[in-house]
Amino acid sequence: MQRRSRDHFDASTIPDDLAPIATVLSQMLPGDWRSLRPVIDRRKCVQCGLCWLYCPVQCVTPKPRWFEFDLKVCKGCGVCAQECPQRAIRMIEEVG
Ligand code: SF4
Ligand code: SF4
């Protein structure tokens, strides 16, 4: 059997409108599109740190007497509320 060499792939033959490719970095943060936000009941919090441990975007910050959420970065996934053993975190709807 005879082997045929393949032509080199020419990227310039790909049409520009085949798939849009992001070329400009978006300044948007999760806080701009989140639909739910966590609210902590400080009276219930026992500072176990599980919300801090499980938050997938690491936006939970320890404060002297409780934990706080960076709402610019929080994506509203609700993992913290799910994992809190004290049920100290509620997810409420964003308004506006
Ligand atoms: S998981 Fe709940 S009890 Fe634990 S630190 Fe977070 S808010 Fe407080
Ligand atoms: S809702 Fe999700 S992203 Fe926001 S603080 Fe809780 S775990 Fe982190």
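Among contacts in the chain between residues at least 6 apart in sequence, 67% join residues at least 24 apart, a contact being a pair of residues whose C-beta atoms, placed from the backbone, lie within 7 Å. The model is a predicted one, in which local features need pLDDT of at least 70 and side-chain atom pairs count only at pLDDT 80 or more, whereas totals for chains, interfaces and linings use all residues. Residues are numbered from 1 along each chain as its sequence is written, while chains are lettered from A and ligands numbered from 1 in the order in which they are written.

Read along the sequence, the secondary structure runs β-α-β-β-α-β, where helices (H or I, at least four residues) and strands (E, at least two) are DSSP runs numbered from the N terminus. The chain is more spread out than a compact globule, because its radius of gyration is 23 Å, well over the 12 Å that the globule rule gives for 96 residues; the radius is taken over C-alpha atoms, and the rule is 2.2 Å times the number of residues to the power 0.38. The C-alpha trace spans about 75 × 40 × 20 Å along its principal axes.

Of the 96 residues, 15% count as buried, which requires 20 or more other C-beta atoms within 10 Å of the residue's own, with 12 or fewer making a residue exposed and values in between partly exposed, all C-beta atoms being placed from the backbone. The largest nonpolar core has twelve residues, among them Ile40, Cys51, Phe67, Cys80 and Ile89; such a core is a set of buried Ala, Val, Leu, Ile, Met, Phe, Trp, Tyr and Cys residues joined through C-beta atoms within 7 Å. Leaving aside residues up to four places away in sequence, Ile40 touches Cys45, Trp66, Phe67, Ala88 and Ile89.

Ligand 1 is surrounded by 13 residues, of which Cys45, Cys48, Leu50, Cys51 and Cys84 are the closest, and ligand 2 also by 13, the closest being Cys55, Cys74, Cys77, Val79 and Cys80; a residue is near a molecule if its C-beta atom, placed from the backbone, lies within 6 Å of it.

Glutamine 47, with a phi of about 60 degrees, lies in the loop between β1 (36–40) and α1 (50–54), and is partly exposed, with 14 other C-beta atoms within 10 Å. Arginine 87, with a phi of about 55 degrees, belongs to the loop between α2 (79–83) and β4 (89–93), and counts as exposed, with 9 C-beta neighbours inside 10 Å.

Notes
Contact = placed C-beta atoms within 7 Å.
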